[in-house]
Amino acid sequence: MTEGDVETYERDGVVCLRGVFARHWIDVLGEGVEKDIRAPGPLHTLQQTTAEPGFFLTDFCMAQRIPELRQFLFDSPAAEIAARAMRSQRVNFFYDAIWVKEQGTPKRTRWHQDQPYYPIDGTQMSVCWTPLDPVARDVCLELVRGSHRWQRWFQPELTRSGQELYPQDSPYERMPDIQAERGAYDIVAFDMEPGDCIIFHGLTVHGAPGNSSPERRRRALSVVWLGDDAVFAARPGPVRPFFEGHGLGPGDPLDCGYFPRVWPRTGGQHPSRSARFTDPALRISI
């Protein structure tokens, strides 16, 4: 990742990096994601209704169950890339998610920001979106360039139903109808190959079209990374995903066994042996 890439991330809230993951890591990811598709975890959702065509699967925190995903998270260059993008001295793991849209799945992923869903305050929160299949621009994740600098937080909505996550009197705004007024926004998307990734800021507005391709799947892993200034925060309603048992209060650094430090690699305890993966007191729900 070059200094120019970091400057693009800071200015635009998003940067696309080419060829940063070797084929080995894509194969590891593919094996792990296929395991989850065959046997989804307790936090999965089929995002299309019975009346909607296609297959749109999301799942969260798969690394709790699937060793290939833990291997990618903790041993690939992903955490170091996030550290460089955020200019952070350390990087902690928050959670992982998959987004699987099979061929002929028209359902969109709603326009949203990620950070309002989470109990996280601070400017150093980034998301790494990594496709496992070739992705044409017209089915790629779309992002509103510069929206992380709007100083606006939008009400989270559930992808499947559109239900708002927090009470109507919460301080969050309703998301503008970006889809109806696309020309008013600087929307970017990319033609991508396996090994590429998109890094974006936690407040960058983004969404995704359906997969209109008649022959190509669209499988992607997203990972939320936390930097130096990320702290635990209260929200006006239940967050997604919801972690219980970590013992953190508002203002506490998100740097602990439940959100393990992944970068720099110090040669100490491997993150996969942290409390996040060994303590039965930690419960996760959505």
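In strand β12, W99 has A220 as its bridge partner. The structure is a predicted model, in which local features need pLDDT of at least 70 and side-chain atom pairs count only at pLDDT 80 or more, while totals for chains, interfaces and linings use all residues. Residues are numbered from 1 along each chain as its sequence is written, and side-chain values use heavy atoms, with hydrogens and water left out. Strands (E, at least two residues) and helices (H or I, at least four) are DSSP runs, numbered from the N terminus. Two strands pair if DSSP finds at least two bridges between them.

How many of the residues of β12 are buried? Nine of the nine are, so β12 is largely enclosed by the rest of the structure. Buried means under 20% relative accessible area, exposed means over 50%, and partly exposed lies in between, with a 1.4 Å probe and protein chains only. The side chains of β12 point two ways: R218, A220, S222, V224 and L226 go one way, R219, L221, V223 and W225 go the other, and all are buried.

One of these residues, R219, can be followed in detail. R219 counts as buried because its relative accessibility is 11%. Its side chain makes a polar contact of 2.9 Å with the side chain of E34. A polar contact is a pair of N or O atoms within 3.5 Å; within protein, one must be able to donate a hydrogen and the other to accept it, and residues adjacent in sequence count only if both atoms are side-chain atoms. Apart from neighbours within four places in sequence, R219 is in contact with G30, V33, E34, I37, W99, V100, T130, P131, L132 and D133. Contact means heavy atoms within 4.5 Å.

Strand β7 (residues 125-131) has another antiparallel partner, β10, to which four bridges join it. In this pairing C128 stands opposite I199. Strand β1 (residues 14-17) also pairs with β10 in the antiparallel sense, over four bridges, and there I199 is the bridge partner of V15. Strand β10 (residues 197-201) is mostly covered, with five of its five residues buried. C197, I199 and H201 lie on one side of β10 and I198 and F200 on the other.

The next part concerns two helices. Two packed helices are described by the angle between their axes and the distance between the axes. The axes of helix α2 (residues 23-38) and helix α3 (residues 67-75) come within 7 Å and cross at roughly 145°. Axes are lines fitted to C-alpha atoms, for helices over the stretch in contact, and angles run from 0 to 180 degrees between N-to-C directions. On the α2 side, H24, W25, V28, L29, E31, G32, V33 and K35 meet P67, E68, L69, Q71, F72 and D75 of α3. Within α3, the residues E68, L69, F72, L73 and F74 are buried. The elements that cover them include α2, α4 (78-86), β4 (91-101), β12, β15 (261-263) and α5 (275-278).

Elsewhere, four strands form an open antiparallel sheet in the order β5-β11-β8-β9. Which strands stand at its edges? They are β5 (109-112) and β9 (187-188); each has a single partner strand, so one side of each is left without a neighbour in the sheet. Strands β8 (residues 142-144) and β11 (residues 206-208) pair over two bridges. E142 of β8 stands opposite G207 in β11. E142 is buried, with a relative accessible area of 9%. Leaving out residues up to four places away in sequence, E142 touches R108, W111, R182, I187, V188, A189, V205, H206, G207 and P209.

I120 is buried, with a relative accessible area of 0%. I120 and R235 are 115 residues apart along the chain, and their C-alpha atoms are separated by 8.9 Å. Not counting residues up to four places away in sequence, the residues that I120 touches include F94, W153, L226, R235 and L254.
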